[in-house]
Amino acid sequence: MIMLCERCYGPIDPDTEGHYRLSHIDHADSAGNITWREAAVHTAACAAAGSRFTAEWQDRAA
Ligand SMILES: [Zn+2]
């Protein structure tokens, strides 16, 4: 399974990169059953996708 970081949209290698796995509620039906969406995010500082500070944050994380 390929994991993409929810913050920087970069790929996460689960064997070498620290990350959190997150579960978000997508929706619930009238009976109360919840549909979950799984996501992941780097634990190290990474810049938000499209941020003009990307290069600066990558230097801090290194
Ligand atoms: Zn990231």
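The paragraphs below walk through this structure, from its overall layout to a few individual residues.

This is a predicted model, in which local features need pLDDT of at least 70, side-chain atom pairs count only at pLDDT 80 or more, and totals for chains, interfaces and linings use all residues. Residues are numbered from 1 along each chain as its sequence is written.

Let us start with the overall plan. The protein chain contains 4 strands and 1 helix, arranged along the sequence as β-β-β-β-α. Here helices (H or I, at least four residues) and strands (E, at least two) are DSSP runs, numbered from the N terminus. Of the 62 residues in the protein chain, 6% are buried. A residue counts as buried if 20 or more other C-beta atoms lie within 10 Å of its own, as exposed if 12 or fewer do, and as partly exposed in between, with C-beta atoms placed from the backbone. What about links across the sequence? Two residues are in contact if their C-beta atoms, placed from the backbone, lie within 7 Å. Among contacts between residues at least 6 apart in sequence, 39% join residues at least 24 apart.

Now look at strands β3 and β4. Strand β3 covers residues 19-28 and runs antiparallel to β4, with 9 bridges joining the two; strands pair if DSSP finds at least two bridges between them. Together β3 and β4 make a hairpin with 5 residues between them, and in the turn G32 has a positive phi of about 95 degrees. In a regular strand, side chains alternate between the two faces of the sheet.

Next come the loops. Between β2 and β3 the loop includes D13 and also E17. Is D13 buried or exposed? D13 counts as exposed because it has 9 C-beta neighbours inside 10 Å. E17, with 16 C-beta neighbours inside 10 Å, counts as partly exposed. Leaving aside neighbours within four places in sequence, E17 is in contact with I12 and H42. H42 also gives a reference point for D13: the two are 29 residues apart along the chain, and their C-alpha atoms are separated by 9.8 Å. For E17 and A44, 27 residues apart along the chain, the C-alpha separation is 8.5 Å.

Two further loops are worth a visit. Y9 lies in the loop between β1 (3-4) and β2 (11-12). Its phi is near 65 degrees, a positive value in a residue other than glycine. Y9 counts as exposed because it has 11 C-beta neighbours inside 10 Å. In the loop between β4 and α1 (54-61) you will find S51, which is partly exposed, with 13 other C-beta atoms within 10 Å. S51 and C8 are 43 residues apart in sequence, and 8.8 Å apart in space, C-alpha to C-alpha.
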